[in-house]
Amino acid sequence: TVKPDYLFKEKRLSDLPLTEKRCVLITAHRRENIGRPLENICQAVKRLAETYTDMIFVYPLHLNPKIRNTAVPILENVANVCLMPPIDVEDMHNLLTRCFLVMTDSGGLQEEAPACGVPVLVLRTQTERPEAVAAGTVKVAGVRQEDIVREAANLIECGTQYEKMARAVN
């Protein structure tokens, strides 16, 4: 189903084909993910984007140069990955309502996305939101490339697993 059309402040968001393509929102910026873990996350996103060309992957990049210097070289030339500056909370919430999936290391998005019926893959080895895992609204995917790709592919390809997470209540 097509979700309602919202106006975004960020023009790049308004230009995305969000009514034609399923959207995956990515945020990864935690200090413990800087370095090899973030490289793994970005490589996983690249593999997923190259496999699922009918989807769009939106990654608002944190301003930390270590984040940008890792993510940009890996993802900037992937056709269906949209790298952009950080977005404000209103645009973030509007984007969440249009997303198919959220992949994040953010604690806040682990709470906000399920409120919009959007499953969350946690890009960390653990979460401070164990109640969300117990409720089935989030799943810890870790920071290994293979694990992230496997968990995301499972949700993208398996409607039953996706619906189970999307309909879970935290």
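Predicted model: local features only at pLDDT ≥ 70, side-chain atom pairs only at ≥ 80, totals over all residues.
Let me begin with D91, which touches L7, F8, K9, E10 and L13 once residues up to four places away in sequence are set aside, a contact being heavy atoms within 4.5 Å. Residues are numbered from 1 along each chain as its sequence is written, and side-chain values use heavy atoms, with hydrogens and water left out.

D91 is found in helix α4, where helices (H or I, at least four residues) and strands (E, at least two) are DSSP runs numbered from the N terminus. D91 is buried yet has no salt bridge, and the nearest side chain of opposite charge, that of K9, is 6.1 Å away. Buried here means under 20% relative accessible area, with exposed over 50% and partly exposed in between, for a 1.4 Å probe and protein chains only. A salt bridge needs a side-chain nitrogen of Lys or Arg within 4 Å of a carboxyl oxygen of Asp or Glu, and for charge, Lys and Arg count as positive and Asp and Glu as negative, with His and the chain ends not counted. A polar atom of the D91 side chain does, however, lie 2.9 Å from the backbone nitrogen of E10.

Next, the rings. The structure holds 1 aromatic pair. The ring centres of F100 and Y162 are 4.2 Å apart and the planes are at 0°, so the pair is stacked; the rule, for rings of Phe, Tyr and Trp (its six-membered ring), is centres within 6.5 Å, with planes under 30 degrees apart stacked, over 60 edge-to-face and the rest tilted. The pair links distant parts of the chain, 62 residues apart, with F100 in the loop between α4 (89-96) and β4 (101-104) and Y162 in helix α8 (residues 159-167). Both F100 and Y162 are buried.

Turning to I41, this residue is placed in helix α2 (residues 36-51) and is buried, with a relative accessible area of 0%. Beyond its neighbours within four places in sequence, I41 is in contact with A28, N33, L123, V143 and I148.

Finally, R129 lies in the loop between β5 (120-122) and α6 (130-135) and is buried, at a relative accessible area of 15%. Not counting residues up to four places away in sequence, R129 touches G107, G108, Q110 and E111.

Terms used
Polar contact = N/O pair within 3.5 Å; in protein donor to acceptor, adjacent residues only side chain to side chain.
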